[in-house]
Amino acid sequence: MIDTNFIKDNPKLVFDKLRLRNYNFNLDLFEATEANRKKYQTKTEDLQASRNVLSKEYGMLKKEGKDDPALNKKIESIKADLDKCSSELNDIQLTLKELLLDVPNLPDDSVPRGENEENNVKIREYGEPTILKGKDHLEITSMIDTDAANLLAGSRFAVLHGDIAKLQRALIAFMLDKASEHGYTEHYLPMVANTESLTSTGQLPKFSEDLFQLTEDYYLIPTAEVPLTNLYRDKIIDIDKFPLKLTAHTSCFRSEAGSYGKDTKGLIRQHQFEKVELVQICHPEKSFEALENLTSHAETILQELNLPYQVVELCTGDLGFSAAKTYDLEVWIPSQETYREISSCSNCTDFQARRAKIRFKEGGASKLAHTLNGSALAAGRALIAVIENNFDQKSTIHIPEALQEYTKFDFIEV
RNA sequence: GGAGAGUUGGCUGAGUGGUCGAAAGCGCCUCCCUGCUAAGGAGGUAUAUGGGUUUACUGUAUCGAGGGUUCGAAUCCCUCACUCUCCGCCA
């Protein structure tokens, strides 16, 4: 959520910034509703104040055993007005909240302007992408079994057999260990989240169709960002603890509504995939520094796996809902002769913190922290990348050295 | 699944109808004392939102959530959520 006071003080700026990310902010509606809110809030509070004063007065009389029917009548009439006023206020506040929960974060000034992903800016690249188009991961090995997954669940799921299953497990363990080395505390988390958690991080109320909903209040998490960030919901954090660095491996679940026909083959786009997530919660002045830091942590993993990748800065039009600034890490996928997103590292500034009430104290005042998150990495896609980039085009997948202590083997015969 | 007990400020925890935004302790901040340290003393210290000469000061709301009773609710009633204990069952 954006700060309402900031919107009130800088309406044009807010409108323009949101425009940059293709969001049409209904400024008139906001201002009208906000003015109305203030009017009814003031009125309600005035009525409450007089009720409180008169009630006290009346109580004193009663205590002395006296009565004052006129006073009583006056209180009654104030209460009637108050009822009307406060229920009106309630409706207005609800409308206002709905309106604000729908508004995405403001892009940071440093973010390149652009309509869509075509305007994203490549920042740097690492490694040499293979030139020859290779076999894709499904062609390489039958140990990735979509038929079996189809039998068990449906499309966009996968069964991994044997050494490929081990390889994914090795990747996850490797990534978690790397995160620990970088100072992130490992967590084991529920993979179910409630409405409040998902609202705090920005998935709800707007993107419910992207989620698997279990029951009225339970959803499968689309990313560990949700539980990790929500660990500190409604908390006032001791400033000495900054930056908080958290990590977890979880399964992630996405309905992929609206992506019919996109990446239908293979492991690229799944309803369920494994991911190691990094989250940082830090002082507002440190968050952009932290973003560079967090991104580099994710990059280290690609580097140690010897995977060619590029870092792309998302333009304003391609930013996610909660993000003020985002770097995508894209890994080379030989079979597609292209780079594909394997991590997305974002500074959400105070956007999630405001929704989640994640605060700290400084100079006697309580302030909102900044939250950041990024994948390190998406294990399913990392698995594809490792397989395709290390296949000898005959029958052998070589295991990157960094993983061998985890897999306990150094090649897979397919 | 059965029975019971709970949910109060950064934390622990008192508070059964007005004098309660809430005792006390811990923590934290400021100052004093002590030639370091430890100990001691005085004061301050919830959150959100509004008014204000943006200082002083001040209104309102918030004691798990929502509703109700009442002139007045942390306190009484109802519903819901969550936590804990015991029993049963079970990975």
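1. Helix H10 (residues 287-304) lies across E1, strand E8 (244-253), strand E9 (272-282), strand E10 (309-313), strand E11 (325-333), E12 and E15, and runs at about 10 degrees to E15. Helices (H or I, at least four residues) and strands (E, at least two) are DSSP runs numbered from the N terminus. Contact means heavy atoms within 4.5 Å. Axes are lines fitted to C-alpha atoms, for helices over the stretch in contact, with angles from 0 to 180 degrees between N-to-C directions.

2. Helix H12 (residues 379-389) also packs on the sheet; it touches E9, E11, E12 and E15, and its direction makes about 35 degrees with that of E11.

3. This is a predicted model: local features need pLDDT of at least 70, side-chain atom pairs count only at pLDDT 80 or more, and totals for chains, interfaces and linings use all residues. Residues are numbered from 1 along each chain as its sequence is written, and side-chain values use heavy atoms, with hydrogens and water left out.

4. The open sheet has 8 strands in the order E1-E10-E11-E12-E15-E9-E8-E4, with mixed pairing (two strands pair if DSSP finds at least two bridges between them). At its edges, strand E1 (121-126) and strand E4 (185-187) each pair on one side only. From one strand to the next, the twist averages 25 degrees.

5. Strand E12 (residues 338-347) and strand E15 (residues 370-378) run antiparallel and are joined by 2 bridges. Asparagine 373 in E15 stands opposite serine 346.

6. Leucine 214 is in the loop between helix H8 (195-201) and strand E6 (218-220).

Methods
Chains lettered and ligands numbered in written order.
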